[in-house]
Amino acid sequence: MSQIDQKIDSDASDLVLEPDAPAPSRRLVTENSAPWLIAAGTLVVWQLAVWVFSIKRFVLPAPTDIAASLWKWKEVILMHAGQTLYTTLLGFAFAVVGGMLLGVAVGYSRVMYRALYPILIAFNSVPKVAIVPILVIWFGIGTIPAVITAFMLSFFPIAVNVAAGLATVEPELEDVLRSLGASRRTILFKVGLPRSLPYFFASLKVAITLALVGSVISETIASNAGIGYLMLNASSRFDVPLVFAGLIVVAAMGVAIYAVFAAVETRTTGWAVRGQTQRFDAGGG
Amino acid sequence: MAIAEPVTGAGAAAPGRDAFVEIDTVSLAYGSGPSRTLALRGATINVRKGEFVAVVGPSGCGKSSLMKLVTGLMRPTVGSVRVDGKSVDGPLKIAGMAFQNPTLLPWRNTLKNVMLPLEIVDPHKGRLRANRKEYEERAERLLDSVGLKGFGNRHPWELSGGMQQRASLCRALIHQPDLLMLDEPFAALDAFTREELWAVLQKLWMEEKFTVILVTHDLREAVYLAETIRIMSARPGRIVATREVPFGFPRTLDDTFKPEFVDIVHELREHIGRERTTQQAVSQ
């Protein structure tokens, strides 16, 4: 008994101690600064290329030109960025609710899966740009088409991931619960939904960036506000530095909202991440 | 259980002995048409209340199907299954189950994992909220008895495989089921942990006297733990022989090396070897 206990104890303490082990701090610093170094390097090369080959400003503006344009138009950009963020988040909010409900329906019920999956695939294959003109006919230009486009692009990964999460419940665990008299609904709430949460949160960070893409697409086609509109407007005036400034702002917004939802993911479903690391450690599949 | 009885040909205990689980000439088929496979054919097993029965047999003989039949997760194609005098026509609600895979929920700590059945089974479901303290104490005691004292607030990923399986056993027993169904629960563990858990299970069974049906490939395990061993034929499975294990309880690991113990293991081994040969002969 005591020997085996010792063995188990040492196993457990190994696992518990692992995170506290002194991290190779130099590698960590490199890892954290790597994305910044790459970005800075790209900008330097870009700047040099524009100088060396004396590329025209309206073809490819230098990073310094773009920065100047960003600064010059900062208030206008801020206003349009606010509009884009607003339509993105609104569309995304609808996508979270819609995607989750759809995912649960498809993952829970075989009939729903059979009935809805082909339609979902078909819908997801349609380029959303092609739908914006229809939305304009129905709702006019502006906020509503942007919100709907953001929704349409972002609900799909959420629905698919939630459904996938529900599908990964171990059949044996289901047997355990059913043999106790659990109804399918109980199993869904006790096991299925918690099991699908990591998938759900993982999909959020993908979905939010897609929502942003949707908003900008719609603004580019049919709007008088938003970064998409600003870029279209700037390009029609050959203000190429401002077009690039718009691109930079969209990219920065994308990274920022991605980071927010990645943080939400690690906070809410740490157990899944831990579980995974361990599976990888064990070398299993 | 007086003296070692020879292996008998039939699977049924004499009728009239107060059978708790009665599996009567049950057949079970999966699928239909040409892909139809017969998992069980004419299987008959009786289990007394409080008895520890092990079911052994060549691989793929439908042992797991037997588990599903007894717990009511599946219905027999032919024949009847009765538990505690009542015909089984749906999930049993009184059974505890444990499998080779501990299937703990990773987002719950060990204590909450163990208490999961209490949230589902009547009458505990309704009483849990008001009597949480009392139930938590029961779960703690159970964890203590399997050697997991103080691990209640750990999450499954912080436990070794053996510890997870201990917790899984606790989960199967927390609602004090009359029937414990074990489907190769120790098969994935290393030999030393496995033997350790045999002792844990034996102790729990001696204290609580629930009825156990243990499906296993491990003949030493079967002889160490069970009062009666049923040997199944190759697929389609049926019970071809029954072997009583005459040793008293508690049994120790040292007992498993005694000649009379080894003889029984040997005898079972030969029996299953014969079943495997028949299976191969049939399939050729």
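A salt bridge is taken here as a side-chain nitrogen of Lys or Arg within 4 Å of a carboxyl oxygen of Asp or Glu. In this predicted model, the count between chain B and chain A is two salt bridges, and one of them joins A:D175 to B:K68, with the closest N and O atoms 3.3 Å apart. The side of chain B that touches chain A draws two or more residues from each of β6 (95–99), α5 (161–173) and α6 (191–208) of chain B, and its residues divide into 18 nonpolar, six polar and 10 charged.

The extent of this interface can be given in residues or in area. In residues, 34 of chain B are in contact with 28 of chain A; in area, the two chains bury about 2900 Å² between them, with 67% of it on carbon and sulfur atoms. Within chain B, the residues that lose the most area to chain A are B:W107, B:I120 and B:W157, which together account for 26% of what that side buries.

On the domain 1 side, B:L180, B:L197 and B:L204 supply 33% of the buried area, more than any other three residues. One salt bridge is counted between the domains, and the side chains of B:E196 and B:R166 meet in a salt bridge at 3.9 Å, N to O. β7 (179–183) and α6 of chain B each give two or more residues to the domain 1 side, with α6(B) giving the most, seven residues.

Key: Residues numbered from 1 in each chain as written. Chains lettered and ligands numbered in written order. Predicted model: local features only at pLDDT ≥ 70, side-chain atom pairs only at ≥ 80, totals over all residues. Heavy atoms only, no water. Contact = heavy atoms within 4.5 Å. Buried area = accessible area lost by both parts, 1.4 Å probe. Helix = DSSP H or I, 4+ residues; strand = E, 2+ residues; numbered from the N terminus. Nonpolar A, V, L, I, M, F, W, Y, C, P; charged D, E, K, R; others polar.
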